[in-house]
2 protein chains.
Amino acid sequence: MTRHFNFCAGPAAMPTAVLDRARSEMKDYRGYGLSVMEMSHRSSEFIAIAEQAEQDLRELLAIPDNYRVLFTQGGATLQFSAVPYNLLGQGGTANFLDTGIWSRKAIDEARHLFGAAYVAASSEADSHRVLPRQEDIVLSEDAAYLHYTANETIGGLEFDYIPRAVHPDGREVPLVCDMSSSMLSGPLDVSRFGIIYAGAQKNIGPAGLVVVIVRDDLLHQACAGMPSLLGYQALAKGGSMVNTPATYSWYLAGLVFQWLKHDVGGLEAMDAINTRKAEMLYSAIDNSALYSNPIAPQNRSRMNVPFVLADERLDSLFLQEAEAAGLLNLKGHRSVGGMRASIYNAVSEQAVDALISFMADFEQRRG
Amino acid sequence: MTRHFNFCAGPAAMPTAVLDRARSEMKDYRGYGLSVMEMSHRSSEFIAIAEQAEQDLRELLAIPDNYRVLFTQGGATLQFSAVPYNLLGQGGTANFLDTGIWSRKAIDEARHLFGAAYVAASSEADSHRVLPRQEDIVLSEDAAYLHYTANETIGGLEFDYIPRAVHPDGREVPLVCDMSSSMLSGPLDVSRFGIIYAGAQKNIGPAGLVVVIVRDDLLHQACAGMPSLLGYQALAKGGSMVNTPATYSWYLAGLVFQWLKHDVGGLEAMDAINTRKAEMLYSAIDNSALYSNPIAPQNRSRMNVPFVLADERLDSLFLQEAEAAGLLNLKGHRSVGGMRASIYNAVSEQAVDALISFMADFEQRRG
C-alpha cells in the first residue's frame, strides 16, 4: 500500500491518521459491534459522536455561544440557495463581492431565486488578480447582507482581511462568508460574521457534508415557502437531524477535528504550518524562470496555489513526470489552465518539499 | 472485533463484505495511492467508479434506456421538495396516497411549497393497517402526478402491487414513488414509474446519498425559480456533478451493487431470501402468544417488521436481553412503540434465525 502526495483542490487529501482511525473502526466502532455508518442517527452512540464533533469544532474556532453549528448536506452550492432564502424574508437585496468563479455562482443563484443581486465590489476589472479593499465596498441602500468568498479555490485568491459590511450611513448588515476552502486553515474571529458556511471536502471531511455556523438572531428572518430542509431554524432546533444526516461524513469530520486538536495542536499551530508551506511554494515559484503566479502578493491563497509554466507546451510533460514521482492532481482548473497545487491542512510540509524539489529538478532538466 | 446483528431501520446494516472491501481500499484505492474520498470527482478514476455504479444499478433493476439515474444529496426528504418543483411547472396539483408518516411528510411539503396537495386515497381510517386498493384511488381533475410510498418504514406496511395513476377519463399521469426502504429488495418493473427515488441508508449505502430514477420526458416540466441544485434536468445533463457529489457514499453504493450482483446473485435471488426471512419472522410472531403484528397480511412489509409484546412492561427487559444477545436496534419508532425488526438486504437469514430463537426463548422464560 502506497500513499502518494495529493494536491487535489477537492475532494482533497485527508490526514492519513484519520484514515487509519476510520479503517480500524470500519467494521466495529469501539466494541459496539457495528460500523458508524450502520448506526441510527438517534442512537446514544451516534449522538455522542455528533456532539463531540460539534464541541471540538467550537473549541477549535472559539465559536461564541450565540452561534449555532449545523451539519447539513448538498455542498456549499445548496447554501447559495439557502442563504438568501434564510435572510431575505423581510425583504432587501443580497449584496456580494464578486471575486471569481465561486462568488459568481453565489451571485447567479441569488439572482435566479430573487430576481436581484447587488455587486458591492468586484475584482473583475483586474481579471480577479487583486481583491477589493475595504474602501472599494459600497453596499446598496437596501442591502440585507453582504456575501463574500474568503478564498477563491479556482483563482487562487484569498482575502487578507475580514470585510466590514457597513452602509455609508453607518448601519451594519450581516456578513456572510463562503469559507469552503479556507475554514480551519487558521484561527478565526467568528464574531465578525453573521453566517459562515463551508463544504467539507477541503479541510473538514468527505464531500457531501456542509458546516454552517449561524448567529442566533439570523434564525428568524427566513422566507415563507422555501424548501423546509433548507431552513436554518428547523435545522438548529432539530440538532441538524430534521432528516437523517450524512452520519458517516459527520463522524469523519469529527476525526479531522480530533486530529487538528491533538495531532496538530490547534489552529495556531496549523496556521504556522500553512504559512510556512505557502511561503516556501510561492518563493520557489517567484525565484524560478519557468514558473509564475499572477496574483497580487497580499491576496495569494495559502490553500490553492495556481501557477503556469513559461512554455505551456511543457504542461503535459510536467504533469506526467509529477504523477510518476507520486505528486498527484496538479492540473489547473480547466477555466484557468496551467497548474494548481492545493495545499490544504492535510497536505504535509513533506509533500510541499517534494513538490518544490520536483519543480526545481524539472526546471533544470526541461526549462 | 465483533459484528453484532443489527436490525436498525436506517441508517441500516451494510453487507460485511462491503465493509471489508471499503476497509481494504480505505488508504489506497487499488494502487492509485489515495482514498476514494480524496479523489477529484472529475478524475478518470472516480468517473470510472461512478459509471460502474450506475451501470450495475441499471443492470440490477433492468432500468430502460429512457430513464436517467441521478446520484444526489439531501436524503429522500429533500426530494419531497424536488419532486413537485420538477413536475408542477405546467400547473396541476400533486396527488398522493396517504399511508402513514412518510407519505404524510411528502404531502405536507408539497402543500407547504405549492399551497395544495390532493389525497387520492388514504389508509388513515384504517389506522394505517391496510393499504388502499387500486379501486380506492381517485385522482383530482387537475392531477399532475400521483405520489406514493412503496414501503412505510415506521408503520411496517408495503404495497403488494404497483398502483396505476389513471383519471376516471382514462388519462394517465406519471407515477412517483418514494422507494427509500424497499428499493433493491427484489426485481422491479421500472417502466411503470415516472420517478423513483430512494434515500440510500437502507438498501443502497450510507446516509446522505439519494438515488433518483427519472423518465426522460419528465425532465422538461420544472418550475422556474426553484433552487438550481434540485433540478433534475441540470443533474442529468451534468452527470450528477453540477456540484461536488457525495463521492465516497457513491463509491460505497457501488460496492453494494457489486455485492448484490456477484455475492447474492441478483435481485431475484435477493427477493427469495427476503421472502424467506419475512415469512419466518411473521410466522414466529403469528404463532406466539406474546408477540403480535397488526398489519393486514397482504400489506405486511418485508423490510420493517413491527411487533408488540402482549405485556408492554416486558419491553425494556426484551430490549436489554436482546442487546446482551447481540441483537441490536430492535426498539420500535417512538410514534408506534413496541419493537421493530428491520430486515433489509444486508440482514442475513442467520440474523433473522437468531432473532426468532431469542424471541422464542424470551417468551418461554418471561411470557
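Tutor: Gly265(A), with a positive phi near 100 degrees, follows helix α6 of chain A. Helices here are DSSP runs of H or I with at least four residues, strands are runs of E with at least two, and both are numbered from the N terminus. This is a predicted model, in which local features need pLDDT of at least 70 and side-chain atom pairs count only at pLDDT 80 or more, while totals for chains, interfaces and linings use all residues. Residues are numbered from 1 along each chain as its sequence is written, and chains are lettered from A and ligands numbered from 1 in the order in which they are written.

Helix α6(A) runs over residues 247–264, and its 18 residues at 1.5 Å each should span 26 Å, which agrees with the 25 Å between its end C-alpha atoms. The expected span is 1.5 Å times one less than the number of residues. Among the buried residues of α6(A) are Trp250(A), Tyr251(A), Phe257(A) and Leu260(A). Buried means 20 or more other C-beta atoms within 10 Å of the residue's own, exposed means 12 or fewer, and partly exposed lies in between, with C-beta atoms placed from the backbone. The cover over these buried residues includes α1 (16–24), α2 (44–61), β2 (67–73), β10 (209–215) and α7 (267–286) of chain A.

In chain B, helix α7 (residues 267–286) and helix α9 (residues 349–366) have axes that come within 10 Å and cross at roughly 5 degrees. That angle makes α7(B) roughly parallel to α9(B); the label covers angles under 35 degrees, with over 145 roughly antiparallel, 65 to 115 roughly perpendicular and the rest oblique. Axes are lines fitted to C-alpha atoms, for helices over the stretch in contact, and angles run from 0 to 180 degrees between N-to-C directions. Residues of α7(B) including Ile273(B) and Met280(B) meet residues of α9(B) including Val352(B) and Met359(B). Contact means C-beta atoms, placed from the backbone, within 7 Å.

α7(B) also lies across β11, β12 and β14 of chain B, at about 15 degrees to β12(B). These strands form an open antiparallel sheet in the order β11-β12-β14. β11 (291–292) and β14 (339–342) of chain B are at the edges with a single partner strand each, so one side of each has no neighbour in the sheet. β12(B), residues 304–309, pairs with β14(B) over four bridges; pairing requires at least two bridges found by DSSP. Pro306(B) stands opposite Arg340(B) in β14(B).

Key:
Contact = placed C-beta atoms within 7 Å.
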